[in-house]
Amino acid sequence: EHTATILLTTDINSRVPGITELSRERVVVSGMNEANLSLLYVQEDSLIAKGEKVLTTADGEYFPAGKVIGTVENIEGTH
């Protein structure tokens, strides 16, 4: 009862539901065991832009909505 389990957002096992601030696209933010995070489930016709903030949603039960997770730094091909 006096312990906590901690999982860093950068951990490869971490998945945080998110939404982009401007384009309002729902994504999953994934850790990669390095300083940067990755966005999963981005639509092919996505309007996400560099510099756009990614915020938490209340979808995952663990995080309150509206907290900044990070900022889009790079956009690579579709997956």
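A residue is called buried when its relative accessible area is under 20%, exposed when that value is over 50%, and partly exposed in between. The model on the screen is predicted.

**The whole chain**

Begin by selecting the entire protein chain in a cartoon display. Its secondary structure comes to zero helices and five strands, and the pattern along the sequence reads β-β-β-β-β. The C-alpha trace spans about 45 × 25 × 20 Å along its principal axes. Of the 79 residues in the chain, 23% are buried.

**The sheet**

Next, colour the strands. They form an open sheet of five strands in the order β3-β2-β1-β4-β5, with antiparallel pairing. At the edges are β3 (37–40) and β5 (68–71), each of which pairs on one side only. On average, neighbouring strands of this sheet are turned by 40 degrees against each other, direction ignored. In general, the strands of a sheet pair through backbone hydrogen bonds.

Now select residues 15–20, which are strand β1, together with residues 53–56, which are strand β4. These two strands pair in the antiparallel sense over three bridges. One point to locate is glycine 18, whose bridge partner in β4 is threonine 56.

**Threonine 57**

Move to threonine 57, in the loop between β4 and β5. Is threonine 57 buried or exposed? Its relative accessibility is 6%, so threonine 57 counts as buried. Display the side chains here: that of threonine 57 makes a polar contact with the side chain of aspartate 59, at 3.3 Å. Beyond the residues up to four places away in sequence, threonine 57 touches several others, including Pro17, Gly18, Arg26 and Phe63.

**The nonpolar core**

Select Val16, Val27, Val29, Ile48, Val54 and Val72. These six residues make up the largest nonpolar core. In soluble globular proteins, nonpolar side chains tend to be buried together.

**Isoleucine 69**

Finish with isoleucine 69, which is placed in strand β5. Why does isoleucine 69 count as partly exposed? Its relative accessibility is 21%, and the buried class requires a value under 20%. Leaving aside neighbours within four places in sequence, isoleucine 69 is in contact with Val16, Val29 and Val54, among others.

Definitions and conventions: Residues numbered from 1 in each chain as written. Predicted model: local features only at pLDDT ≥ 70, side-chain atom pairs only at ≥ 80, totals over all residues. Heavy atoms only, no water. Pairing = 2+ DSSP bridges. Helix = DSSP H or I, 4+ residues; strand = E, 2+ residues; numbered from the N terminus. Axes fitted to C-alpha atoms, helices over the stretch in contact; angles between N-to-C directions. Buried < 20%, exposed > 50% of the residue type's maximum accessible area, 1.4 Å probe, protein only. Polar contact = N/O pair within 3.5 Å; in protein donor to acceptor, adjacent residues only side chain to side chain. Contact = heavy atoms within 4.5 Å. Core = buried A, V, L, I, M, F, W, Y, C linked by side-chain atoms within 4.5 Å.
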